[in-house]
Every structure is written in structure tokens, then in C-alpha cells.
Amino acid sequence: MDHGTNMKHQDHQGHDHSVHISDFKIRFIISTILTIPILILSETIQIWLGFELTFPFQKETVFIIATLVYFYGGWPFLKGMVSEIKKKQPGMMTLIAMAISVAFFYSAATVFFISGSDFFWELGTLIDVMLLGHWVEAKSIMGASRALEELVKIMPTTAHLIENGGVIDVPVSELEIGDVVLIRPGEKIPSDGAVVDGNSYVNEAFLTGESKPVSKSTGNDVIGGSINAEGFLHVQIEKTGEETYLFQVIKLVREAQMSKSRTQDLANRAAALLFYVAIIAGVITYSVWFAIGFPDFALERTVTVLVIACPHALGLAIPLVVALSTSITAKSGVLIRDRTGFENARKINAIVFDKTGTLTEGNFGVTDVISLISKEELLRLTAALEINSEHIIAKSIVEYSENEGVKIEPTTDFTVLPGQGVHGKVNGKSVYVGSPNLLKQLKIKTNDSKIMQLQEQGKTVVFIIIENQLAGAIALSDQIREDSKSAIKKLKEKGIRTYMLTGDAKEVAEWVAKELEIDDYFAEVLPHEKADKILSLKEQGYKVAMVGDGINDAPALVTADVGIAIGAGTDVAIESADVILVKNNPDDVLKLLELSQKTYSKMVQNLWWAAGYNIVAIPLAAGILASLGFVINPAIGAILMSLSTVIVALNSQTLRKHDIKVKVVTHKETSSSETVKAIT
Ligand code: ADP
Ligand code: MG
């Protein structure tokens, strides 16, 4: 895995912090040591501290040391300026380089050519503080990308492979699909797979944020990286390497960290703006002080203005928050695919839920079969078609039919009618299975009172049409998710309008809507109509989020301001969404809103700490209060600027309050005799 690309934090004028971290440190230490004699030999400092120390060629000596500090300590900034100018993007490095160059060359001139006082001690301390600032910055960026590394660390490295009745330890990278591994109590599951033996509880907190361990026994799926509790488990590996869930999450987090949002653009624009403001303020400051007869003071003020305006912390303000919030949200079961979508979530005031699979479990069970032909034939033709469908309804119909002893026959010309049903040919016969809407489109009428009755109980009824004749109907019942009700309630309390959209019958929709006390619902809608509904809400001025799971939700997910997919949903839905809820829990929408809000306010706070203080600082640096005796010297300017960087870094870290603590369980010592007991 290539961590290098993460640590390279792209928007900060393109310099690579992982490389510069030790470089800045060494340059800082050496420059600081060199600055000490400059300070001691400076006239101003001597006056301040009340001592005198002079010797021949003193000025020249100070000049030589200062030259070393300028070129050695100032080198990263001078180099940075050259590359910024080459890219035609003058920025922070150019500002710093300009400030130290102006101070250096002017001071050098006072030693040899002109009269006036030098700025050598200011120059030295300025460079020291700048180097320190960059060192701190590089370190905090590293810290933030470490949040991602924490995810990587979750991955265990060795597995206990069960082979020929014995157990051998192998590296996880050597596991193959189909291998069976032993997981002892307290150990991590090495890779994604299914339990084939044993009973235990598994802690999946790192991916769902749910701290309660989940019960696992034969047939259950487990995810690589989750932690086994008391029991032992035999797991058959189903996915390895990049295919595993955790790897996918890491990939997603990395992509999201690198993807840019509008807020980030704002930071970059602010940095560019600040550059020009600094130049203009510098020119004005110099001209004014020079014009009224203070050339030395003019220069000192100009250097201070350039330094204080350096948009140093701006480079950090957003990326630090992004790096932290993406991994924190990932660990609480909210995966961000698109940052702009995630940042928009805080503005949401209308949420549209899909019904089946989103508000409901999508755990269908067939309850009634109404057959107008022989039941055996009805199920046979239906199951033949449904075995090809990914839909949860299809899966339950197939399961039911197989339990009834139906043999699955081959299908030809199979097509999915998203949000409506399926069509195909079985034994040369044209068969449709689908919604009331599909029935309408095929111009088939039914007013079966039994069917109406079933729908009014909230049951989903699908119709089977053979050779354009209604052949029967199958009723399925689903359960409303436990958390749907509280989610809707809490959203309404926040003043957010809630809607439900479904391809299912009106009666079913009405029943679910009533149970959940949803504000409004639209039933029997086709995929493009779902998108249209979203659009019309947007046109009414709502900021709309859509939560869905199915193929038929994809257009709506893309249309909404924020598309949210249920983790167990179809790939199409997940690909269309901005955010994925791992736990399939509608309640997590609230978590999303909260995290989005927190992240955004952190970003705004950081922008103020990074740039806003300039509103006061630049005029002060320019010497606007000089008549009152209040001036900031260049080194204090540099300290203020660096302080802003440190504040931004610390402020971002407070986001960690929302972080899920992943307990690192040490492997329990299991003696070999226990092992034998465990696997036999
Ligand atoms: P929702 O919008 O509530 O998630 P679905 O994705 O379940 O709706 O699709 C809407 C309707 O389309 C279902 O209620 C069902 O009647 C019909 N339907 C979709 N796919 C199938 C299928 N494979 N077999 C039978 N009916 C289907
Ligand atoms: Mg659905």
C-alpha cells in the first residue's frame, strides 16, 4: 500500500511534507543556533538587555552569519518561491522569500553602501520561526494521515490456516479464496468470509461504529479486521487482498481525502487573494512611511506586513479537517464518496427515503399465493424468471418456490424493468413478474378484493402475467426497520421534511407512511419519476437528500443534493451515492448530518484562524497605531503567523472527540492444547 501519496498533501503549494519534516527540523535547529550570536551582537538587543559588546569588523561578522542563516535557513522558502513562480502561482513561499530577501539585501546594503540600521536579528528570528512553523505543520499533516494508517493497522498480518486437520500460521497475503482459517478468542478475523463452524460474538465497531458485538455462527458473514470475542470460529475465506471490505473502505477514504470540495477551493482562493493583498499592503506601507520621511521604518513595516500576511495556515485549514473527518466518519459507519455531497449534508431540509430495503428490512417472506392457474406452474414460471434478478423480492420468491419443491428452469430474453419487475421467456412463454404499475402498463385490470386487502396490511403484492394473461399474484411481507421510526421522528424534530418514494402499491405505501408518521409519500413511481420528484422538491427550494438502496433509486440518488446509499444496497445505488451508510440504518442519516455540520464549522473556524486575523494584523503590521507607540516587529509578526498555524492544527484535532476508539485487543495466549481442543 502506498502511504506516500497520502502524506503528500497536495494543496499546500505542492511540497511534500513527509520528505520535509526532518529537513525543516535540522534547518530550524542549525539556524536557531546561528541566530544566537546575531542576537548577542545586535545593537538593539544590547540596549534592551543593557550590556555592551563590540569588536572590530563586528558588522561584517554579523553579516557573514546572517548570510549563512539567509541561505541555509531560508533555502526551502527561496526554492519554494522559484517553483511557485515557475507554476505562475505565487503564494506563501513567494511571500516569505520576498520578506526575508528584502530584509537581507537591505541590511547587507547598510553594512557596505548606505547608512541606516540593519535587520539581521529580525531576519534570523523570522527565518527560525518560519522553519519551526513549517516543521509543526508537516508534523500535524502526518498526524492526520495517520488516521488513515490506523485503519490500515486494523488489518491483521497472520492467519491460522486449517490444513489436513492441523493448524499452520501463514501470512494473510497468502490466503486464498476457499481456505478455512481458525480464529481464536480475542483475535482479529484475517479476511472477509463466512463462518463454517463455531459460535462467537464479533466486534465490528471499526466499520459500523456499533460497539455492541454481533453474534456469529455458521452461515454468517464476517469481515476482515473485526475482532472475535470469547468463542472460536472457523471461517471460509471469500475475499482476499484488495477485494476485502476494509481495503475498499481504505481506498474510499483515501479518494475522499484527495477529492476537493468547494470549501477547499475557497481556501485556495483565499490564499491567492491574501498574496495580492499582502503585496498591495506592502507597497502602500512602504510608500507612505517613505514619503513621510522614515525610510528605515518603512522597510521594517513592509517586511512585517509581508510576513504577517503569509497565508501559511490556510494551506492547512481545510486539508487537516478533511483528513480527520473522512476517517472518523468512516469508522462510525458513514463512508464518504464525494466530499461536496458530504459538506452539503449540513444544509439538508428535506429527506426522501426509498421504502423497500431502506425504511424496511427488505427481508421478504412470501405470505400468500393467489393462483389463477395451477400453483405449481405459477411458481415454476415465476421462479425461473426471478432466479436471474438481484432484487430482494426475487430472492424470497425463489427461496419459497424451492421449498415448495419447484425445479428451476432456464430463461431466455431476460430483462429487468427497474422499479417495476422483470420479464423473460420460459418454455417459449412470455412471463412478466412485477408491480401494480407494470400491470397498468400492460393494460391488465384486476379488482381482486383479496389483493386489496393484503396491500392494505402493508404487504407487497407482485403480479404474474403469462402470455398477457394475469396468472396470479404473490404477497410478501416485509418488516419496517426498527430504527426507521426513531430516525423519522428525530429528523422531524430537527425541522426536516420527510418523504417516502416507492415503486410499490399505494396501499402498501400508505400503510408504511402511517406507521412511520412520514410527512408525505409517493407510490408506484418509476425510477425516472423518483428523480423527477427530487427535482421538483429542489425547485421548491428544498435542499434534498435521497436515501435508497436499489437500481431504481440510482437516478434519484444522483439528482439529489446528497445521495445516500444503504450499505447492503445494490452496486448501482452505491456508485450513484455521495455517502454510504454501512450499518443499513436510517438513523445514521442523523449521524451524517451531525458530522457534516461539525466538519463544516471546523473548516470555517480554521479559515478564520488562518486568514481572518489578518483583518486586524495587517493594519497593525503596517504601523497604523505607530503614533500610539504600538508596532509589531517582524519576529512578533512571524510568531503570530505561526501561532495561527498551531491553532489551526490544534483546532482540527478537536474533531477527534467524535472518533470511535478502536480497542486493540492483544492476542490472548492460547496454549497448543487449547488449540487442539478448539479445532476438534
Ligand atoms: P422501492 O422503491 O420501494 O424500493 P422496489 O425496488 O422494491 O421499490 O420496486 C418497486 C416494485 O417493483 C416492487 O414493489 C415490486 O412490485 C416490483 N419489482 C421490482 N423488482 C421486482 C422483481 N424482481 N420481481 C417482482 N417484482 C419486482
Ligand atoms: Mg428499494
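This is a predicted model: local features need pLDDT of at least 70, side-chain atom pairs count only at pLDDT 80 or more; totals for chains, interfaces and linings use all residues.
Asp 354 belongs to strand β10 (residues 350-354), while Asp 549 sits in the loop between β19 (544-548) and α22 (554-559). The pair is 195 residues apart and links distant parts of the chain. Asp 354 has a relative accessible area of 4%, so it counts as buried. Asp 549, at 12%, is buried as well because the cut-off is 20%.

Now move to ligand 1 and select the residues around it, 23 in number. Asp 354, Thr 356, Glu 386, Thr 502 and Lys 530 come nearest.

Then display the polar contacts of ligand 1. The side chain of Glu 386 places an N or O atom 2.5 Å from a nitrogen atom of the ligand, and for Ser 389 the corresponding distance to a nitrogen atom is 3.1 Å. Thr 502 has a polar side-chain atom 2.6 Å from an oxygen atom of ligand 1. On its own, ligand 1 has 550 Å² of accessible area, of which the protein covers 97%.

For the shell, highlight α14 (355-359), α16 (392-403), β13 (421-426), β14 (429-434) and β15 (460-466), which each give two or more residues. Colouring by residue class shows 6 nonpolar, 12 polar and 5 charged. Finally, colour by domain: domain 2 (335-360 + 481-592) and domain 3 (363-479) each supply at least three residues of this shell.

Methods
Residues are numbered from 1 along each chain as its sequence is written. Chains are lettered from A and ligands numbered from 1 in the order in which they are written. Side-chain values use heavy atoms; hydrogens and water are left out. Helices (H or I, at least four residues) and strands (E, at least two) are DSSP runs, numbered from the N terminus. Buried means under 20% relative accessible area, exposed over 50%, partly exposed in between (1.4 Å probe, protein chains only). A residue is near a molecule or strand if one of its heavy atoms lies within 4 Å of it. A polar contact is a pair of N or O atoms within 3.5 Å; within protein, one must be able to donate a hydrogen and the other to accept it, and residues adjacent in sequence count only if both atoms are side-chain atoms. Accessible areas come from the Shrake-Rupley method with a 1.4 Å probe; for residues, only the protein chains shown count as cover. Ala, Val, Leu, Ile, Met, Phe, Trp, Tyr, Cys and Pro count as nonpolar, Asp, Glu, Lys and Arg as charged, and the others, Gly among them, as polar. Domain bounds come from an automatic or database domain assignment.
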